[in-house]
Amino acid sequence: MLTETVHVPLDGGRAYDILVGRGLLAEIGPRVAALGARAVGVVSDETVAAAYGAAVTASLAEAGLRTALITVPPGEGSKSYAGFAQVCDGLIAHRIERRDLVLALGGGVVGDLAGFAAASLRRGVRFVQAPTTLLAQVDSSVGGKTGINSPHGKNLVGAFHQPSLVIADTASLDTLSLREMRAGYAEVAKYGLIDDPAFFAWCEANLAGIFSGGPAREAAVASCCRAKAGVVVRDEREDGERALLNLGHTFAHALERLTAYESARLVHGEAVAIGLCLAFRFSARLGLCPGQDAGRVANHLALAGLPTTLGQVPGGCGDADQLLDAMRQDKKVRDGALTFILARGIGQSFIAPGIEAGAVREFLVSELG
């Protein structure tokens, strides 16, 4: 099978490769062994472990690596202080040392949780990302952001800790539910909306192929990884340009908090889809963005089967004041002032600091109807 390699050329000996292709999990043992560890602590959720845990741990063992498997319940609830303690204690119990490796096998929750545990364990253990969802393959597995949620907000406790390798086996996407594929697709479309209108147009033309599999799917994953890798190299710690990757996320994280991270109601990609539409409609309301661009974004995401309005959140998402309060815990807040990623059009996003809370509240009231 053809494997595409995206290189992330960070300095200080921290450069790594992202491998994209079908069937890569079957050969994970030799690739991980080449990194020089003696032992690997595999962190996964119960669902992914049932599907891939035995094959992955067998491949690692055949490559001469001492291997342990640590599982957590699936869902955002595992990105918690309790989940973090469980993973760290499991890794310690299995004697994972500083020169060993942690392998995150699963979606974004597992990647964030295992990565943060690796960053903290013995003050820093190397780790490998093996993302098994579309969302994780195109976004969360790349760039070194790790962390857990606080009752006060999403991803508020964490660390920057770059992986040593990312292995994106696109065959794992064949078994994803349609809902999970749709959720991941919100992050795919986001890359076009940030600064690549040609990629967004390509997504519009290739939507069916991305969902059905084949060359379009691999092309989408590799394109998103290249885009994110470029941003990460230029702004590793989100001091500037990298904040653009949060397009739609100020709204999305508030929605996740107000739905108590209950995946039955809302998963991250669904919240991002609503957030992207809100960011464009808010930009249009402020006179920054043509209304037809905001409509084009919403139409495309709706065609992908994603929610595009606050009214589509099952069980509701609170009132304007509750949403605004949740946004005040966003990581981009500076000196108490709200910072949004807004857009002048498709592919023309920018950082907008110091947005008046009153304007945001009025917009949310109008969106809630």
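Before the helix pairs, one definition: an axis here is a line fitted to C-alpha atoms, for a helix over the stretch in contact, and an angle runs from 0 to 180 degrees between N-to-C directions. The model is a predicted one.

With that, take helix 7, residues 197-212, and helix 8, residues 215-234. Their axes cross at roughly 135° and come within 8 Å. Angles over 145 would count as roughly antiparallel, so at this value helix 7 is oblique to helix 8. The crossing of this pair is left-handed. On the helix 7 side, the residues in contact are Phe199, Trp202, Asn206, Gly209, Ile210, Phe211 and Ser212. Helix 8 meets them with Ala216, Arg217, Ala219, Ala220, Ser223 and Cys224. Sorted by class, the contact of helix 7 with helix 8 has eight nonpolar residues, four polar and one charged.

Next, helix 3 and helix 4, which are residues 81-93 and residues 108-120. Here the axes are 9 Å apart and the packing angle is about 55°. That angle makes helix 3 oblique to helix 4. As for handedness, helix 3 passes helix 4 in a right-handed crossing. Helix 3 brings Gly83, Phe84, Val87, Cys88 and Leu91 to the contact, and helix 4 brings Leu113, Phe116, Ala117 and Ser120. Seven of the residues in this contact of helix 3 with helix 4 are nonpolar, two are polar, and none is charged.

Helix 6 passes helix 10 in a left-handed crossing. From helix 6 the contact takes Arg179, Ala183, Ala186, Glu187, Lys190 and Leu193. Across from them in helix 10 are His268, Gly269, Glu270, Val272, Ala273, Leu276 and Phe280. How many charged residues are in the contact of helix 6 with helix 10? There are four, alongside seven nonpolar and two polar.

Now to the domains. The domain assignment gives domain 1 as 4-173, and domain 2 as two segments, 183-212 and 247-368. Taken over C-alpha atoms, the centres of domain 1 and domain 2 are separated by 28 Å. The contact takes 13 residues from domain 1 and 15 residues from domain 2.

On the size of that interface: it is often given, for interfaces in general, as the accessible area lost when the parts come together. Between domain 1 and domain 2, about 1300 Å² is buried, and 60% of it lies on carbon and sulfur atoms.

Notes. Residues numbered from 1 in each chain as written. Predicted model: local features only at pLDDT ≥ 70, side-chain atom pairs only at ≥ 80, totals over all residues. Heavy atoms only, no water. Helix = DSSP H or I, 4+ residues; strand = E, 2+ residues; numbered from the N terminus. Parallel < 35°, antiparallel > 145°, perpendicular 65-115°, else oblique. Left-handed = near helix turned anticlockwise from the far one by under 90°. Contact = heavy atoms within 4.5 Å. Nonpolar A, V, L, I, M, F, W, Y, C, P; charged D, E, K, R; others polar. Domains from an automatic or database assignment. Buried area = accessible area lost by both parts, 1.4 Å probe.
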